[in-house]
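Student: I would like to go through the terms used for this model and see what each one rests on.

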Amino acid sequence: TPRPGGHPCRNAHEALREAGWEPEVRKVYGLGLLGDALNPTRGEIRELTGQNQVPVLVTDDGEVIQDSRRIVEWARANPATAADRSASA
């Protein structure tokens, strides 16, 4: 959806790709503000973060990062190395 500044999920995804990562994308549907009953596809998000908001990044080390701005910051601070790229191939 068009938004000022871009969609948060897209911003996070593009930052990861620009940093050399090939993130696995799992789509969830609904609106995070609507609560658990109206967001059945966000169960894994709730388990990881305790809430329904996306995007969420789970790193290869198991670190959970939520919020597009924090994911963008992480991507810029952690560009993929050649070893990272070959491990994901």
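Tutor: Start with contact, which means heavy atoms within 4.5 Å. Helices (H or I, at least four residues) and strands (E, at least two) are DSSP runs, numbered from the N terminus. This is a predicted model: local features need pLDDT of at least 70, side-chain atom pairs count only at pLDDT 80 or more, and totals for chains, interfaces and linings use all residues. Residues are numbered from 1 along each chain as its sequence is written, and side-chain values use heavy atoms, with hydrogens and water left out.

Student: What covers the buried residues of α1?

Tutor: The cover includes β1 (56-58) and α3. Buried means under 20% relative accessible area, exposed over 50%, and partly exposed in between (1.4 Å probe, protein chains only). In α1, Ala12, Ala15 and Leu16 are buried.

Student: Why are these buried residues said to line one face of the helix?

Tutor: Seen down the axis of α1, they fall within an arc of 100°, so they line one face. The arc is that of the directions from the helix axis to the C-beta atoms. Arg10 and Glu18, on the other side of α1, are exposed.

Student: Why are α1 and α3 called roughly parallel?

Tutor: Their axes cross at roughly 5° and come within 8 Å. Axes are lines fitted to C-alpha atoms, for helices over the stretch in contact, and angles run from 0 to 180 degrees between N-to-C directions. Angles under 35 degrees count as roughly parallel, over 145 as roughly antiparallel, 65 to 115 as roughly perpendicular and the rest as oblique. Therefore α1 and α3 are roughly parallel to each other.

Student: Which residues does Ala15 touch, not counting those up to four places away in sequence?

Tutor: Ala15 touches Val72 and Ala75.
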